Amino acid sequence: MPTKAIKSLLIAVLLAAALPAAAKVKVDLSGAAVQQTSKLDFVRHPDDAKYYTESWTTILQSDQGHILYINYMYTNIGVTSGRTAVSVNLTMPDGTQAKNFGWEYSQDDYTEDFDGGSIKIGPHSLTLQGKTARYHIESPEMRLNLTLNGWTSGAKFHDGKICIDEGCTEWVLSYFHIPRGDFEGEMAVGGQRIRLKGQGYLDHMVNNQMSSKWSSHWWTTRYFAPDHTVAFWSFKTRADRGGEKVIRLLVADREKVLTLTDGATLKTDTPVKDPSPKGHSYDTVYNLEVKRPNLTLTGSFVGKGLHDRDGVLERLPWAQRTIAQAVAGNPVIYRQRGDANLTLTIEGQPPVSLTGTALMEAIVN
């Protein structure tokens, strides 16, 4: 399988610096909590920081049972210069281990069109116009042509920025460009041409420091109910950064974002040991509680087994892997289907039971 798309990020762990003292993350809470994303939010946010990285991530769940994680990336990290990359993790309906595809390019191979709302990396492109995203991936290993039509406008929590250290010299930007949409298109892979349709999601994150420097765990879930969406990501800062858990949780229906908040409580449970001696224990139960003035959401996601295990450093040659692990540990991504069992209550309306299959992810370093 091609592995070039992750090389630039992997090199970063070889260059990691010492960690600063613990500091509580901070957010500028001015303005409305839920704000609509803009064209400026979608295109690149240039920064000169050595470890600046920007990624646009899409998660698709087809009606047939395919799961795709699609990532477009721009980074300053590299041996002599920064890189760009596109990657696709594909799980087929039979549930077999995901196939990983990746293509790496120079920074010069990245272009964007502000008026057209598009970014392009080599022959691959992503365009966002209003609530509609279009994807084109072209390579001998895989071709994708998909259109994702969003239910609602994009959203960000206040201005989308999180300060990781006291002086905000390290930060993260987060945008939910398409909290939920319906997609349709065609995929060519392994000698097959497959028509696809289903549900999807598009977000976008920017950071000016490697996440492995300030976080030890990430948990994410995207859950597509018939008329509602629940999506969240959460990270835990490293012990020497205070061990704080930070979350962004979004709930939407077909017409609007009902809440986007940092006031959710996530408790993870029932860890399972990775059978690989190079792996970690990862959580398989996510218990969630949200209590807002006009909305409550309670329940759990229970994993049903891995469909994708991505041992990031394991793809490096032995010498580089040994050095990287000595500096930055061994990050592994665990993706699993999960059973959702939630209750959503909106003021003045009867409770809604939300059950079905959710896409859960844990990243452990």
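Me: Which residues does Thr127 touch, not counting residues up to four places away in sequence?
Reply: Contact means heavy atoms within 4.5 Å. By that rule, Thr127 touches Gly116, Gly117, Ser118, Thr132, Ala133 and Arg134, leaving aside residues up to four places away in sequence. This is a predicted model, in which local features need pLDDT of at least 70 and side-chain atom pairs count only at pLDDT 80 or more, while totals for chains, interfaces and linings use all residues. Residues are numbered from 1 along each chain as its sequence is written, and side-chain values use heavy atoms, with hydrogens and water left out.

Me: Where does Thr127 lie, and is Thr127 buried or exposed?
Reply: Strands (E, at least two residues) and helices (H or I, at least four) are DSSP runs, numbered from the N terminus. Thr127 is in strand S8, residues 124-129. A residue is buried under 20% relative accessible area, exposed over 50% and partly exposed in between, with a 1.4 Å probe and protein chains only. Thr127 has a relative accessible area of 16%, so Thr127 is buried.

Me: How many helices and strands does the protein have?
Reply: The protein has four helices and 23 strands. Of its 365 residues, 56% count as buried. Among contacts with a separation of 6 or more, 61% join residues 24 or more positions apart.

Me: What is the order of the strands in the open sheet of nine strands?
Reply: Two strands pair if DSSP finds at least two bridges between them. Here the order is S18-S17-S16-S15-S23-S22-S21-S20-S19, with antiparallel pairing. Strand S18 (257-261) and strand S19 (264-273) are at the edges, each with a single partner strand, so one side of each has no neighbour in the sheet.

Me: How many bridges join S21 to S22?
Reply: Strand S21 (residues 295-311) and strand S22 (residues 332-346) run antiparallel and are joined by 14 bridges. Gly311 stands opposite Val332 in S22. S22 also pairs with S23 in the antiparallel sense, over 13 bridges, and Arg335 stands opposite Glu361 in S23. In the hairpin of S22 and S23, with five residues between the strands, Gly348 takes a positive phi near 85°. Strand S23 (residues 352-364) is joined to strand S15 (residues 215-224) by seven bridges, and Tyr223 stands opposite Ala358 in S23.

Me: Where does Asp274 lie, and which residues does Asp274 touch, not counting residues up to four places away in sequence?
Reply: Asp274 lies in the loop between S19 and strand S20 (281-292). At 3% relative accessibility, Asp274 counts as buried. Not counting residues up to four places away in sequence, Asp274 touches Gly279, His280, Tyr282, Arg309, Val332 and Tyr334. Asp274 and Val332 are 58 residues apart in sequence and 9.7 Å apart in space, C-alpha to C-alpha.

Me: How many cavities of 30 Å³ or more does a search of the whole structure find?
Reply: On a 1 Å grid over the protein atoms alone, a cavity is a set of points where a 1.4 Å probe fits but cannot get out, and lining residues have an atom within 4 Å of a point. A volume is the space filled by probe spheres set on the points, which are joined across faces, edges and corners. The search finds two cavities of 30 Å³ or more. The second largest cavity has a volume of about 50 Å³, and its lining residues include Val27, Phe157 and Arg248.

Technical notes:
On a 1 Å grid over the protein atoms alone, a cavity is a set of points where a 1.4 Å probe fits but cannot get out, and a pocket is an open set with protein on both sides within 12 Å along at least five of seven lines; lining residues have an atom within 4 Å of a point.
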